[in-house]
Amino acid sequence: MSFEIKKAAVLGAGVMGANIAAHLTNAGIECYLLDIIPPGGLTEDDKKKGLTEKSPAWRTRFAANGLAGATKSKPASFYAKSNASMVTIGNFDDDLKLLADCDWVCEVVVENLKIKQELFAKVEKVVKPTCIVSTNTSGLPIKDISANFSASYKKRFLGTHFFNPPRYMKLMEIIPGKETDKKVVAYMKQFSEEVLGKGVVVCKDVPNFIGNRIGVYDLCNAQKVMVEKGLKIEEVDAIVGKAVGRPGTAVFGTMDLVGLDIGAHVSKNLYDAVPKDECRDTFLPLSFQEKMMANKWLGNKTKGGFYKKVKDEKGKNVKYALDWKTMEYAVAQKPKFESISAAKKASDAGVAATMKIAFNGNDIAGEYLREYMCNNFIYSANRIPEICNTIVEIDNAMKWGYNQQLGPFESWDAVGVKEAVEVMKNLGKKVPAKIEEMLKNKCTSFYKVDSKGVKSYYDFKKKGYVKLEENPKIIVLTGLKERKKIVKENVAATLVDIGDGVACLEFHTKMNSISAEMIQMISESCDIVDKDFLGMVVANHDQRMFSAGADIFGVLCAISEKQWTELEKMVAGLQNTLMKMKYLPKPVVTAPAGMALGGGCEIAMHGDYCLANGETYMGLVEVGVGVIPAGGGCKELAIRMTEGIPTGVVESGLNMQYHYGKAFENIATAKVATSAQEAQDLGFIRKTCRINMSRDMQIYEAKQIVIGMSKYYTPPKPALIPVMGESLRGVAAAIIMNMKYGKFASDYDAHIAMKIAHVLGGGICAEGTFVTEQEILDLEREAFMSLCGEQKTVDRISAILSTGKPLRN
């Protein structure tokens, strides 16, 4: 039996269900979103609107509200709001018949076993024999939900547990039942990874599976140790933060984000479900938590939890933190600890190094971390083989579901397995026998990498190391560099041979900002690829940053020292290098992910093909520092906005105001796309380029595109760009006047905007004139240099460097 998911249905239109439906559309999958008919009959409001119990608007209200909520959600659930049109709403009473053409049905209704069983019984009568059916339960046993299923239905049933919000959280837990067909599990794993962009962990059918079993213990343990040590909430968040590889929300910020009511519900369910768990009492609520629940201090959803924001007399938001001892709020402090400060200073060495420094600290922060982390280590080790068979699943679940940079066993390796065991003994903790046995066998780490770069993990059952299964579709540049696949490198970038005649150019400056060395490396890479390779991919593994654009500190230094000739040479160097890359006789595929801003956006725009990850945030933001895009961004946006317009139509007097109005607005307002799809809508990426969903597989997919293009490749012909000339300045003046009137733009913003209009308009010429790329580049460079000579631009650059925030001068 073969499977292919082209159409899906989500049953349950609450926040989670609606957001799952939204993410399915992000992956290009049409879906149905169904929910119950509103209970209790018509309200007085309904009657006033003329609705009856037969009105579709009333019968599908829950599904409609769910879809509306997903459309308005922040952060956005849809890559673009237009994707909502791919969702068809309905209700369980009238519309279950729609499931007959679905390839996957995912249930996301209330966590009530009876309700789920009754709904699945109805679904079984409708779906086709090849339809995969799943539940998004976070705690109910799969075996109980499917207890009354037919044998064939059980084969196609499994758990698919998304983490919230589904668009942004990487973890997908797949939980097969005993009768689930292995082919179904394998297909759903591949589909979730490649189509939905998830990191999949296959779990056993046990309470809270892996992510929430370890994750909830982690959060409860953090609070318990806080009380034992008498620390404050903001002190714990300062300790269990980025220095130990945790997200910026740390412990209590995370709990406020999730909601204390949700956390309490999951903890109680876990307490009830694991009577033999040696740490069961850790899941019981602490007294201050019970008081918070009684007061409805539930976190962000109630405008207050462990933290809250209060406006002062100047209208500025001030952050307050709860004192759990007195149950009163006070202005949140920013605690400093010697060990955490020392760890942060070593951040360039990586999170493993900073974690070890913090763990070994001689202050209260180090004391807290040793207690907290050792508890986590022991608990995680004791859960194998109860919840999964290997350490890998636990590490991946915590990285992908809780945004930890290192999982528990990777963290244990970071601080030293043997060293942590000594700490455990000093603290009077019981070291798991399997760990003692591991050390006795002279296995001193959970993971190891051999001289050939092959990674293995320690297997408790086999009592030795097992090679970590590699996915051929995941290309890891670090591993290739260790295997001496570096073609050329400098301080800013590295050209790596990724096999099959394809090279990958990787940036590695701070924030991947563009420097003279990076420009040089791009140029030299083009020469090497032209001579020795089929083509090139431009990509890196930085989850946050493809490139933040130009090194503005370097620009400020050049301005301060009046190095005008050198600065103009650097700008011209970037322009010439990107043009060289664009017209290289070999295909170039850019693969941005995360931030691609300013010059980073310009690099991405100068490839033959842009394979952007769905989570790419792209824009030409130079106006924020008082200049304009000068690496070819104006030129490329003008090309994209006008390509496809027949020459004869332009010559016959086509009004290009719509095309250029959008381009002008994008640049003058520094619009940043919040997804790759929105970047396509704004014109930064061509709509002929597909979107990558799996960040892990992005370089592999880009490589395949290069290989495919290389078979029939011819470089693009130099573009002739139809422009509006002086007419665009009139259009721009009207737009800017409205923005100034609405106080969205300053006088200096207007000054910069008119220079943008001059560049996009092709300079002083008639509307309908065709100009070359070089003519636009020359105008970009001229405008950039003229703005660099103005004090207000210097002030803007200085403000960004000192505060991280743009100055509106």
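View 1. R246 sits in the loop between α11 (233-239) and α12 (252-258); helices (H or I, at least four residues) and strands (E, at least two) are DSSP runs, numbered from the N terminus. The model is predicted: local features need pLDDT of at least 70, side-chain atom pairs count only at pLDDT 80 or more, and totals for chains, interfaces and linings use all residues. Residues are numbered from 1 along each chain as its sequence is written, and side-chain values use heavy atoms, with hydrogens and water left out. With a relative accessible area of 12%, R246 is buried (buried means under 20% relative accessible area, exposed over 50%, partly exposed in between; 1.4 Å probe, protein chains only). The side chains of R246 and D218 are joined by a polar contact of 3.3 Å. A polar contact is a pair of N or O atoms within 3.5 Å; within protein, one must be able to donate a hydrogen and the other to accept it, and residues adjacent in sequence count only if both atoms are side-chain atoms. Not counting residues up to four places away in sequence, R246 touches D218, V240, G241, Y372, N376, N403 and Q404, where contact means heavy atoms within 4.5 Å.

**View 2. The loop between α4 and β3, with N83 and P75.** N83 lies in the loop between α4 (61-72) and β3 (87-91), and P75 is found in the loop between α4 and β3 as well. N83 counts as buried, at 5% relative accessibility. Its side chain makes a polar contact of 3.2 Å with the side chain of N26. Leaving aside neighbours within four places in sequence, N83 is in contact with T25, N26, F78 and Q677. The peptide bond joining K74 and P75 is cis, with omega about 0°.

**View 3. The cis peptide at P165.** N164 and P165 are joined by a cis peptide bond, with omega about 0°. P165 is placed in the loop between β6 (157-162) and β7 (171-176).

**View 4. Packing of helices α27 and α29.** Helix α27 (residues 633-642) and helix α29 (residues 657-668) pack at an angle of about 150°, with axes 9 Å apart. Axes are lines fitted to C-alpha atoms, for helices over the stretch in contact, and angles run from 0 to 180 degrees between N-to-C directions. The contact is made by C634, L637, A638, M641 and T642 of α27 and by H659, Y660, K662, A663, N666 and I667 of α29.

**View 5. Packing of helices α15 and α16.** The axes of α15 (residues 338-345) and α16 (residues 351-359) come within 8 Å and cross at roughly 160°. That makes α15 roughly antiparallel to α16, the term for angles over 145 degrees. In the contact, S339, I340, A342 and A343 of α15 meet T354, I357 and A358 of α16.

View 6. K484 is not a glycine, yet has a positive phi of about 65°. This residue is found in the loop between α22 (477-482) and β15 (486-489), and K484 is exposed, with a relative accessible area of 73%. D500, also a residue other than glycine, has a positive phi near 60°. D500 lies in the loop between β16 (493-497) and β17 (502-507) and is exposed, with a relative accessible area of 55%.

Technical notes:
Angles under 35 degrees count as roughly parallel, over 145 as roughly antiparallel, 65 to 115 as roughly perpendicular and the rest as oblique.
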